[in-house]
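Trainee: I want to learn how the words used for a structure follow from their cut-offs. Can we go through one together?

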Amino acid sequence: MPRWQAQPPLPATWQRCDSGILPLWWERLCAQTGQQSAALYAAGLFTEDRRRPIAQWFNPAFNAALLVAPETSPEWPVQRFGIFYAPPGSGFTRVHSAPHEWHPREPRKSPTEHEAFLAAIAEAERFLQVEMDFV
């Protein structure tokens with residue numbers, strides 16, 4: 001890849017932490033929708049922390065976070081990774097982006113789950129680059 005096309009590194013304030021869903025997601029979602037609605041959101045992603053893979057970035061200086069995770073119910077014929085953003089301070093939103101989908105019934109057909117996940121990560125990192133210009 002030519003040097004001019006290489007994506008700049010992420011701002012140092014954003015730390016990657018994929019080990020488990022940050023409590024921040026659950027707190028923000030409950031504050032926005034209530035505990036019962038939050039428990040159902042994204043097929044329980046924020047309550048059960050069972051769906052993988054995920055990619056997550058946290059900015060402790062701003063108490064902000066970004067998450068790439070499956071957002072469709074496991075039984076749906078088309079699966080999709082969503083990008084979720086918790087801006088500085090409070091709130092919670094889904095970042096509208098290109099669909100990062102795959103078909104579990106055709107696991108070898110492109111885009112695969114892995115390809116969709118990598119595309120969602122790349123888009124999330126671009127979002128962080130732009131977001132830092134406004135924070």
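Trainee: Which residue stands opposite Phe81 in β5?

Mentor: His100 does. Before we go on, note that this is a predicted model: local features need pLDDT of at least 70, side-chain atom pairs count only at pLDDT 80 or more, and totals for chains, interfaces and linings use all residues. Residues are numbered from 1 along each chain as its sequence is written, and side-chain values use heavy atoms, with hydrogens and water left out.

Trainee: What makes β4 and β5 a pair of strands?

Mentor: Two strands pair if DSSP finds at least two bridges between them. β4 and β5 have 6 bridges, in the antiparallel sense. So they meet the definition. They also form a hairpin, with 6 residues between them. Gly89 in the turn has a positive phi of about 95°.

Trainee: How do you know that β1 and β2 pair?

Mentor: Count the bridges. β1 and strand β2 (residues 55–59) share 2, in the antiparallel sense. At least two are needed, so the pair counts. Arg16 stands opposite Trp57 in β2.

Trainee: What holds paired strands together in general?

Mentor: Strands of a sheet pair through backbone hydrogen bonds, either parallel or antiparallel.

Trainee: In what order do the 5 strands lie in the sheet?

Mentor: The order is β1-β2-β3-β4-β5, in an open sheet with antiparallel pairing. β1 (15–16) and β5 are the edge strands, each pairing on one side only.

Trainee: Why is the contact of Arg16 with Asp18 called a salt bridge?

Mentor: A salt bridge is a side-chain nitrogen of Lys or Arg within 4 Å of a carboxyl oxygen of Asp or Glu. Here the closest N and O atoms are 2.9 Å apart. The structure holds 6 salt bridges.

Trainee: Is Glu71 buried or exposed?

Mentor: Buried means under 20% relative accessible area, exposed over 50%, partly exposed in between (1.4 Å probe, protein chains only). Glu71 has 15%, so it is buried. Its partner in a salt bridge is Arg94, at 2.6 Å, N to O. Arg94 lies in strand β5 (residues 93–102) and Glu71 in the loop between β3 (64–70) and β4 (79–86), so the pair ties together parts that are 23 residues apart in sequence. Arg94 has 22% relative accessible area, so it is partly exposed.

Trainee: What makes Glu101 and Arg80 a salt bridge?

Mentor: Their side chains meet at 3.6 Å, N to O. The limit is 4 Å, so they qualify. Glu101 lies in strand β5 and Arg80 in strand β4, so the pair ties together parts that are 21 residues apart in sequence. Salt bridges that share partners join Glu71, Arg80, Arg94 and Glu101 into one network.

Trainee: How many aromatic pairs are there?

Mentor: The structure holds 7. One of them is Trp25 with Phe92, at 5.7 Å centre to centre and 80° between the planes.

Trainee: Why is that pair called edge-to-face?

Mentor: Rings of Phe, Tyr and Trp (its six-membered ring) pair if their centres lie within 6.5 Å; planes under 30 degrees apart count as stacked, over 60 as edge-to-face and the rest as tilted. The centres are 5.7 Å apart, so the rings pair; the angle is 80°, so the pair is edge-to-face. Both Trp25 and Phe92 are buried. Trp25, Tyr41, Phe84 and Phe92 form one aromatic cluster.

Trainee: What pLDDT does the chain average?

Mentor: The average is 85, and 85% of the residues score at least 70. pLDDT is the predictor's confidence in each residue, from 0 to 100. Over residues 1–5 the pLDDT is below 50.

How values were computed. Helix = DSSP H or I, 4+ residues; strand = E, 2+ residues; numbered from the N terminus. Contact = heavy atoms within 4.5 Å.
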